[in-house]
Amino acid sequence: MTAPERRYVITFGCPDRTGIIARISGFLAEHGGWIVEAAYHTDPDTGWFFTRQVVRADSLPFDAAELRVRFGEVAADLSAESSWQVSDTGERRRAVILVSKAGHCLYDLLGRVASGELDVDIAAVIGNHDSLADITRAHGIPFHHVPFPAGDKAAAFEQVRKLVDEHDPHAVVLARFMQILPADLCREWAGRAINIHHSFLPSFIGAKPYHQAHTRGVKLVGATCHYVTADLDAGPIIEQDVIRVDHGDSVEDMVRKGRDIEKVTLARGLRWHLENRVLVHGNRTVVF
């Protein structure tokens with residue numbers, strides 16, 4: 001199999017004004033940069049401009065580190081502040097997955113990675129239960145069991161923090177991890193921690209949301225993939241999807257359909273995150 005062409009991905013946001021595209025493309029052309037993808041969006045509500053530029057790495061006379069330095073001057077001229085990034089597709093992406101007992105999202109991600117469909121190294125899986133240890137290790141991935149005793153979750157989260165941070169992952173995936181991240185971890189992993197949850201929040205809170213939804217006769221089951229923030233389940237949304245249900249579906253049917261849509265939505269959102277297609281501005285996202 002031919003190795004994919006190495007590329008540099010520039011994501012950028014700044015206050016909108018005339019000449020932004022000319023400034024960026026002019027900078028790249030000046031150094032021989034060969035643009036192979038370009039996407040743009042202006043948000044009229046905030047007056048903010050967004051772009052994602054993909055450049056052939058072999059077209060530039062310097063590496064990604066030097067590109068960051070040189071492009072930093074362009075970003076400063078356009079008042080981008082910290083709202084820009086340069087990534088290198090030649091650098092392997094790493095992810096750590098957090099799980100509890102439900103395994104459908106983990107099984108799906110492991111299968112996509114094993115088949116080459118999802119191009120990421122799963123550095124470790126961490127669970128507050130050990131029920132998913134065997135499938136994880138069957139894929140050659142370390143599994144760490146970190147119990148969460150009711151009276152001492154702070155110590156457990158500190159252990160999780162150390163296990164995650166030693167891999168410096170590009171993504172921390174909460175694949176149906178049924179513990180609420182403390183605010184300090186939300187800040188530390190901001191823009192990297194990704195969660196998935198069913199669409200019944202906030203309408204059906206608490207135990208047995210599918211039973212509540214079935215009683216109400218809902219017609220859609222959905223899922224939301226979003227970045228984790230200290231505001232529970234309210235972080236910037238990366239992706240959402242739905243599947244129809246009807247009066248003939250049992251609770252078990254709804255659960256099965258809900259798991260199916262959670263798997264697809266999480267995998268799609270993680271892919272876009274790893275490909276640097278998601279730009280966050282406030283509590284909203286632009287996904288190119």
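Arg52 is located in strand 3, which spans residues 48-56, where strands (E, at least two residues) and helices (H or I, at least four residues) are DSSP runs numbered from the N terminus. The model is a predicted one, in which local features need pLDDT of at least 70 and side-chain atom pairs count only at pLDDT 80 or more, while totals for chains, interfaces and linings use all residues. Residues are numbered from 1 along each chain as its sequence is written, and side-chain values use heavy atoms, with hydrogens and water left out.

When residues up to four places away in sequence are not counted, the residues touched by Arg52 (contact: heavy atoms within 4.5 Å) include Val9, Thr11, Ala38, Arg277 and Phe288.

Four strands form an open antiparallel sheet in the order 2-3-1-4, two strands being paired if DSSP finds at least two bridges between them. Strand 2 (35-43) and strand 4 stand at the edges with a single partner strand each, so that one side of each is left without a neighbour in the sheet. Antiparallel pairing of strand 1 with strand 4 extends over five bridges, and Tyr8 has Asp88 of strand 4 as its bridge partner. Helix 1 packs on the sheet, touching strand 1, strand 2 and strand 3, and its direction makes about 20 degrees with that of strand 3; axes are lines fitted to C-alpha atoms, for helices over the stretch in contact, and angles run from 0 to 180 degrees between N-to-C directions.

Helix 2 lies across strand 1 and strand 4, running at about 160 degrees to strand 4. Its buried residues, among them Leu67, Phe71 and Val74, pack against strand 1 (7-15), helix 1 (20-30) and strand 4 (84-88). At the N-terminal end, helix 2 is capped by Asp63, a side-chain oxygen of which lies 3.3 Å from the backbone nitrogen of Ala65. Helix 2 is followed by Ser79, which has a positive phi near 60 degrees.

Terms used:
Buried < 20%, exposed > 50% of the residue type's maximum accessible area, 1.4 Å probe, protein only. Polar contact = N/O pair within 3.5 Å; in protein donor to acceptor, adjacent residues only side chain to side chain.
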